[in-house]
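Please open the model in your viewer and keep the selection panel at hand. The stops below say what to select and what is there.

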Amino acid sequence: MTDKQPLLKVRDLCTYFYTEEGIVYALDDVSFDVARGQTLGIVGESGSGKSVTALSIMRLVQSPPGRIVSGTVELLGEDILKKSRKEMKQIRGGKIGMIFQEPMTSLNPVYTVGNQIMESILLHSDCNRKQAKERAIEMLRLVGIPLPEKRFGEYPHQLSGGMRQRVMIAIALSCNPQLLICDEPTTALDVTIQAQILELINDLKQQTGASVIMITHDLGVISRVADEVMVMYAGKAMEYGAARDVFTQPRHPYTAALLKSIPNLEEDVERLHVIEGMVPSLSKRPQGCLFHPRCKQAMTVCQEKRPALTTAPDGRRVRCFLHSDAVEKEAAHG
Amino acid sequence: MSIKANANVQDAAYTSFYHDAFVRLKRDKIAIACLVFIVLLILVAIFAPLIAPYPEGFQDTSAILAGPSSKHWLGTDEFGRDILTRIIYGSRISLSVGLIAEAIAVTIGVFLGALAGYYGGKIDAVISRIIEIFASFPHILFAIVIMFVLGTGVINVFLAIGFVGWTGIARIIRAQVMQLKEKEFVEAARASGGSDLKIILRHLIPNCLSTIIVVVTMAIPSDIMYEASLSFLGLGVQPPVSSWGEMISMARKYLRTNPTYSVFPGIALVLTVLAFNLLGDALRDALDPKLKNL
Amino acid sequence: MLKFTLRRLYQTIIVLLGVTLVTFTMVNVVPGDPVAVMLQKKADDATINRIRDQMGLNDPLPAQYFRFLTNAVTGDFGNSYFQKKPVMELILRAFSVTGTLAVLVLAFAITLGVLMGTLAAVFRGKWVDRVIMMISTLGMAAPSFWLAIILQLIFGLTLKWLPISGLRQPSAYIMPSVALGMIYAASLARLTRTNILDAMNQDYIRTARSKGVGEFFVVAKHAFKNAGIPILTYLGTLIKSILGGSVLVETIFSINGLGKLLVEAIMKRDIPIIQGCTVYIAAVFVIANLLIDLTYGLFDPRIRVAGPAKR
Amino acid sequence: MAEQEVLMAVENLNKWFPVRKMGRARGYVKAVNDVSLQIRRGETLGIVGESGCGKTTLGRAMIRLTDVTDGRVIFDGQDISRLSEKELRPLRRDMQIIFQDPYSSLNPRMTVGDIISEPLVYQNMYSASERIDRVRELMDLCGLDPVYIRRYPHEFSGGQRQRIGIARAIAVNPKFVLCDEPVSALDVSIQSQVINLLMDLQSRTGIAYAFISHNLNVVYHVSRRIAVLYLGRVVELAERETFKNNRAHPYTRALFEAIPQVGFDEQQKKAPLSGDLPSPVDLPSGCVFHTRCPYTQPRCRTEVPDLREIDPGHYVACHLV
C-alpha cells in the first residue's frame, strides 16, 4: 500500500435490504482503500455483496428496500455519502465511471450509441454539442471501435456484445474519471473477447492514470488485472491483500478452498476440491463465522463468535480465528 | 440479488406453486375483501327469493317511482317494483354471464390459442389471421350484431358475449404456449421419449393454468359490463327479467322524477366490477406477474 | 422497414377481406326476408320476388358476397331500406360526428391517462400514487353509460352547467367525452405506470444514473421512450373500444353519430346500414392499427433498422 | 479404434437453418458444417468453443432433438439421423441430456419425484411403486436427500436443481448423456460439486458423456478427448494431454492463451486475437478462421482446410500445420 492518501477510502460500509423476509445483510462492515493508479479486485460468488459494494459507492442502491446503514466512502478525503443529490450527480459519471455486466441490456435500446456517450459529456463539461460529438467519436476510437464516425449513429442492437461493452467503457471514461468501477464487465462475453476487453481496460488505465475496481467471480480475471484483491463471502470481506500474496499463499480457508476448487490447466487432479454446502442466506445468517458451516478447519470458537478482519504484521488482512483471536465488535444497529 | 435462490430447503415448508400463491394472496387484504364480497354476491344470487324483501315482479301500486324509504330501502320503479329486489335478482344475470359467457370464451380461446402456439407454422398463420379478423370488431358492436342475428334473450346474451371474448384469451395462450414450448423442461421430456399428447398434458396445460385463472378473473368484469350495455340498449335481457343494465336504461326516462333509480343499479354494477378487477389484479400478482399489461 | 411495411400491408388486406366475409355471413343468416321487412308485409309474394330479383337477393350467396365485396371496395354499401339514401353517404355523415367525438375522447384519455400514470410511477408508493391508482381503479369499474347518466344528473339537471343532449354547442362535447373517456384514461394511467416502472427497473436506467443523469431526465428521456412502445400498442385497442363505446354514449346524449345510426338500423332491421357500419368501423380500426404499427419505428429503432444477423 | 468401442459416430454432419425473408429461404445459418467425430463407450468427449460456434446445435443433432440437414449420426451401431420422432422414442432410453439452465429445465409445477421419474414413465420402466424406490435411489446417488421427493423445484438452490436434472438424465440408465454447459450457470464453489458428481457417476456406471462448454478449464478437467469448434467446424480434435503442450491450430492456441489463469508466472496481458466473430450467415471463404488468424496465407482465403491426422489421434484443420 502506498503512503500517499488513497483515492478512495471505504470504512465500515454497511448496506442492508429491508425485505418482507427480514433484513438482508448484503454488505456488512466492509473497509478497503483504492490507491491512485491501482486496480483493486473484488471477488466473490453470487450473493457475496460484491455488486452491492459498487452500487453503494455510487449510491445507486435501490431504495427501498436497500439502504446504506453506516460507514464512510471518502473520495479524495471527502465523504461521498454526505454529498447532496446535486453533488452526487457530478460525481457519478464525472469522477467515478461505471461499467456493468450485461452489455446487452445496459445501453438504452432507443437511443444511438453516440447520443448516449454525448449525454455524459454534455452533463459533465462545458462542451457544446459539436465539441461533444467530436469527443464522443474520439472516445469510440480510443476504445478500439472501427469506423467510429459510422458507429456513432448506430443503435446498440446493431453492435456485437464486445462492441457494446467497448461503448460502455467509452461512456464511463468520457469525462476522465479518477475511478472506474467495473462490475463483472466480461462475464457475458466469450473468452477471446474477454481478453480484448481486459487488455483495453488495462491500457486505458495506464493512459489515464485512473484507478480501477474490478468486480468479478472469476479468480482468473482478477489475477490477470488486479494489484490488490478483496475476497468477499456473504457480505463480508474475508481476506484482503496484495493479489499475488492472496492467490499464492491464501490464508483464509475460504480463499484456499475456492482456489483449489477451480479446475486448472497447469496441474492435473483426479477430483476437484469441493466446498460442501451452500452460501448461507443473508437474512438468516449462521452464528459465529459466516463460513464455519462449510469450513473444514472450523473450531468451536468459530461457531460462537464472529471473527474480525485483522491486519497481520506483513500488512495482510484476514477474517479468521486461525490467524487472530480478535472478535468483531457488536454492530450498533440491528 | 439472488439471495432468495440460496434459501435453504431445510427451512422451507413443503409448498406447491398454488399453495405459495395462496399464501401471498392471503396477505393482500383488499383481495380477501373482494373475495368475500364476491362470495356474498354469489350467495345472494343463489338465495335471492329468501333474501329479497319482495317477490320478483311484485308491484306496489301505492309507491310508483318513490325514493328510498323504510318500506322500499332503495325506492321503486315506474311499475312500483322494489328496486332492491330487482337489484338482487339482477345479480343472477350478471354472475351467470360472467360464468357461462366466460366458459364459452375460454373453451374457444384456449383451444385455438394452444393449437396455434404448439404447432406454429401454417396452422399458426391461419389461426392468427382468424383471431385478428374477429378482434377487428369492437366487442360491444360485435355483440350487438350477434344479438341482432340471434335475437334477444338470456341464452343469446351468453352466446354473444362468449363468442366476442375469445380472441384475447387465444392470443395470451398462444404466446404462453409458444414460450413454454421452448423451455428446456419440454425439451427434456422430448429427449426422454414423451409424445406430443403427454407433453401437452404434463407440461403445457399445468403451466398455462395459472394464466387462464388470471385471464378469466380479469375478463369476467368486462363480460358483466357487456351484458349491462346490451341490456341497456334493449338488445339483451328482456323485461320482466331483472338486469342491472336494463334497470339503468329504464331509469333514464325518470331522471327528474326519481334520480336515485338510476344510481343504485349502477352502484351494484360498479362494486361487482370493482371486486372482480381488484381480485384479478391480486391473482395476477400472485400467479402470473408477467401479464402486467392486461 | 420496407419489408415490414409490405408484410403488414398484406396482412391488413387479408384481415379486411375476413372482416367483410364475417359481416356478410352473419347478416345473411338472419332469419326473415329483408324485402318483406322493407315493404313491411304490405306486398304480395310476386312483388317481393320481383324486388328480390332486382336486388340480386335470389343469386347464390357467393355471388352476392362477391358483388358486395366489389361494391364495398369502391365505397358502395348499397342503399338504406328506409332512408332510401346510399349507405356510404349516411355513414360518412355520421362518422364526421363520431370521429370528432372519438378524437376528443382520445385526447382526453391520453392526456389524463399518460400524465397521471407517469406521476404515479414517479411517486411510486407515495400518497400521490395511491390516490391516482385508487381513482383509476374506480374509473375502470364505472361503465360509460352509467357514468353518462350520473354526469347528466349532476351537471345537466342539478347544476344546469352543461346541455344534457345534442351537440349544438362546443360545451356539449364535454360530457360525452368524459363519460366515454374516463375508463380509457383510467386504464391508460395504469398501463403507463406499469410500463414506466418496468422501464425503470432495466439495466440501462442504472447506466443513465451512473452517468450522473438527473432523475427527471432518467424518467423523461430514458424510461419514457421505452415505456411508449406498449402504450402505442394499446392505442389501437383504444380506438376500437372508443368506436364501440360511442354506440352507448351517442344513444344517451342523442348524438347522430355512427353508433346511433347502427342501433337504429338494428331496431329497424335495415341490413345495408348494419353491414356497412360494421365493415366501416372494423376497417377504421384495422387501418389505424396498421398506421400505429408503422409508427413503431419512431419509438423503437430495433424495428426501423435491422441489426446484425442473429444466430 | 475398434468398432465396438465406438458408441456414437458423427459423420460429415451438417445442420443449416434457413434464413427466411418474405417467406422464402434467402440463405442459411450454417450452424454445423461437415463435422465428424466419435465418442467411445464410457469416455468423455469435450466440445469447446465460443458462442456461435455451433456446439449446442451439434449436441442437439447428436441426440436428434433437432433434424439433421446432411450427414449421419450412428448411435450404438444404428444410423439415427433419418429416424422419425416415433422411431426415436425407444432409443431415447440410451441417450439423455443435461441442460445449462437449472431454472428453465425443471417444470415448476411438478414435484422432484415426478420430474425424476418422468423418463421412467415414458419408457415404461418399473412399476409405479418400484419407480418411487428408484427415484429415492437416484436422489441419494446424486447427493439429494430423498425426503425432499415431494418438494417443488423452486425450493432448491441452483446446484441442487442441477443435481435433480442429472438424476432425471441417468434415471433410465443411459449409455450416453449430452451435458450442455452443465455448470456454466453455477457459482464457482458449486461447480466443482457438480463436476465431481458427473465424474463419479461415470466411473460407477460407465456412461459416455459429450461435455459441451465454453469454459476450457472445465472441459480440460473432465474430458479424455477434446474437440475445438469454430463457426460450425471442428478445427482441432485430440487427446486432452495434446492440448496441454501440443496445441496445433492457431485458434486453439489463442483460445487457451485467452483464458485468464489463476497464478502469476506467465500472465498474458495481451489479447491473443483481435476482431469479432464473423456472422454465421456469410461465413468467410476458405478457412473460416482466416479473418482473425495472425498467420493467414493467401490459400487460407480460398481453400477450406481438411481435418487431417497429424499425429495418431490428433486431428487439425489448418493449412500451416
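Start by selecting chain B and chain C: together they bury about 4100 Å², where buried area is the accessible area (1.4 Å probe) that two parts lose on being put together, summed over both. Carbon and sulfur atoms account for 78% of that area. This is a predicted model, in which local features need pLDDT of at least 70, side-chain atom pairs count only at pLDDT 80 or more, and totals for chains, interfaces and linings use all residues. Residues are numbered from 1 along each chain as its sequence is written, chains are lettered from A and ligands numbered from 1 in the order in which they are written, and side-chain values use heavy atoms, with hydrogens and water left out.

**Chains B and C**

Show the residues in contact (heavy atoms within 4.5 Å). Chain B supplies 41 residues and chain C supplies 52. Next, pick Asp281(B) and Arg190(C), which form a salt bridge with their closest N and O atoms 2.9 Å apart; a salt bridge is a side-chain nitrogen of Lys or Arg within 4 Å of a carboxyl oxygen of Asp or Glu. The count of salt bridges between chain B and chain C is one.

There are also four residue pairs in polar contact between the two chains, both residues at pLDDT 80 or more. A polar contact is a pair of N or O atoms within 3.5 Å; within protein, one must be able to donate a hydrogen and the other to accept it, and residues adjacent in sequence count only if both atoms are side-chain atoms.

Which elements give two or more residues to the side of chain B that touches chain C? They are α5 (121-135), α6 (139-150), α9 (196-232) and α11 (259-287) of chain B. Helices (H or I, at least four residues) and strands (E, at least two) are DSSP runs, numbered from the N terminus. Of these elements, α11(B) gives the largest share, 12 residues.

**Domains of chain D**

Move to chain D and colour domain 1 (3-94 + 175-316) and domain 2 (105-173) separately; the bounds come from an automatic or database domain assignment. Their centres, taken over C-alpha atoms, are 29 Å apart. The contact takes 17 residues from domain 1 of chain D and 13 from domain 2 of chain D.

About 1200 Å² is buried between these domains, 65% of it from carbon and sulfur atoms. Select Arg93(D), Leu197(D) and Leu201(D): in domain 1 of chain D, they lose the most area to domain 2, together 44% of what that side buries. The two domains have zero salt bridges between them and four residue pairs in polar contact. Helix α6 (residues 188-205) of chain D gives the most to the domain 1 side, with seven residues.

**Sheets of chain A**

Finish with the strands of chain A, where two strands pair if DSSP finds at least two bridges between them. An open, antiparallel sheet of four strands runs β2-β1-β4-β5, with β2 (22-34) and β5 (78-79) at the edges. Select β1 (residues 8-19) and β4 (residues 66-75) of chain A, which pair over eight bridges. Lys9(A) has Glu74(A) in β4(A) as its bridge partner.

An open sheet of eight strands, with mixed pairing, has the order β6-β7-β8-β3-β9-β10-β12-β11 in chain A. Its edges are β6 (96-99) and β11 (310-311) of chain A, each with a single partner strand, so one side of each is left without a neighbour in the sheet. Two bridges join β11(A) to the antiparallel strand β12 (residues 317-318) of chain A.
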